[in-house]
Amino acid sequence: MIKIDRVIENQIFRLLSSNKVLLLYGTRRVGKTFLLQSILEKIQEKAIVLNGEDLDVQEIFQRRTIANFQNIMGDSRLLLIDEAQAIPGIGQALKLMIDSQPQLCILATGSSSLDLVKQSGEPLTGRHIPFFLYPIAQAELKLNLIEARQQLDERLIYGSYPEIFQLKSHEEKSTYLQQLVQSYLLKDILAYAGIKHSGKIQALLRLIAFQCGSEVSYSELSHHLGINRITVENYLDLLSKVFILYKLPAYSTNQRNEISKGAKWYFFDNGIRNAIINDFRQPTLRNDMGQLWESFILSERIKKNNNNRRLTQYYFWRTYQQQEVDLIEFENGELRAFEIKYTTPKRFKIPNAFKSAYPDAECRVISREEYWEWVG
């Protein structure tokens, strides 16, 4: 078994002395339970550990009184709840616990932000600190440059879910990813709010998989799927809340020729994307390496910035004349522009319209030869 240390573990560990609710979000099988166990091993004091999917735990939490919650904790000051979103009314319960026990710190995990955010977001305003656990980041692998390049093709095709690194054959990896999509990820979505149209969700994911890196038309998706535009947007919102997809909006400061309302959608993990379309061919046999490279680089950049607690906003930029920049980062008033290319272009030139509108922006290209420092 390969042990991969997660960057945010130490950040969470340092906050276990605070009177806060620490919420750890992430998809199923991304390593939340393993991270919880790793933190538990380092704790030098008694902690209460519960699983939100246990029916006994759910029943105990329904008696929402200070006395009941004090009885649960006894003389312990640390509470760890795995899969907390399965407990009805968990937000109100955690609020009452943290307000009535000043010495208490709670670490709760959720396999999606759907129920956990819905139930805990408003009640816990000002009382919680969110963390996001994504598939394994480049920096967490602790590889040197040569090792990273040797493993790059595998990561582009099979992604970075922790268990992928324990599997040896291509067949094992592809089978695992297909089972992960069907047994866990889609199950989380369909279980929420009584969604019944599993075929529509899967068809939507396939359409997005083939359009990674391109602007999507909600009206066009609606036409293809035979559902209304509002439903398409709601489904995409749900897919973002279970951390399968994320949205890249258009960047605009009201320049006359800038697109301001467009959107691109990307998968957080290439392995999930390839499982959706059932295509695990190696790079030399594919015609979508540009899409896979762009998705990989964007998700790795998000992981790096998130793991370092950087509040970065992400966009793409395009004009009506089709001048485009793949990625815009905005942070602390600073604008950065990046072109993402699978192979290093002989000549790199940022669009004149962008340079004219944003002369102080940093501009660079990110290719296979130059990506290491940017995401590591």
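In these legends, Lys and Arg count as positive and Asp and Glu as negative, while His and the chain ends are not counted. The place of a charge is taken as NZ of Lys, CZ of Arg, CG of Asp or CD of Glu. This is a predicted model, in which local features need pLDDT of at least 70 and side-chain atom pairs count only at pLDDT 80 or more, while totals for chains, interfaces and linings use all residues. Residues are numbered from 1 along each chain as its sequence is written, and side-chain values use heavy atoms, with hydrogens and water left out.

View 1. Let's start with the overall picture: the protein has 16 helices and eleven strands (DSSP runs numbered from the N terminus, with helices being H or I of at least four residues and strands E of at least two). Its radius of gyration is 22 Å, close to the 21 Å that the globule rule gives for 376 residues, so the protein is as compact as a globular protein of that length (the radius is taken over C-alpha atoms, and the rule is 2.2 Å times the number of residues to the power 0.38). The mean positions of its 47 positive and 43 negative charges lie 3 Å apart.

**View 2. Inside the nonpolar core around I244.** Of the 376 residues, 54% are buried (under 20% relative accessible area, where exposed is over 50% and partly exposed is in between, with a 1.4 Å probe and protein chains only). The largest nonpolar core has 111 residues, and F61, I244, F267 and I272 have the most contacts inside it (such a core is a set of buried Ala, Val, Leu, Ile, Met, Phe, Trp, Tyr and Cys residues joined through side-chain atoms within 4.5 Å). Leaving aside neighbours within four places in sequence, I244 is in contact with residues including L185, L205, Y266 and F268 (contact means heavy atoms within 4.5 Å). Apart from this core lies another, of twelve residues, among them Y251 and F354.

**View 3. R127 in its loop.** Here you can find R127 between α6 (114-120) and β5 (128-132). R127 is partly exposed, with a relative accessible area of 25%. Not counting residues up to four places away in sequence, R127 touches K20, V21, K95, I98 and D99.

**View 4. R347 in another loop.** Now look at the loop between β10 (334-340) and α15 (352-357), where R347 sits. Is R347 buried or exposed? R347 is exposed, with a relative accessible area of 68%. Its C-alpha atom is 50 Å from that of Q85, which is 262 residues away along the chain.
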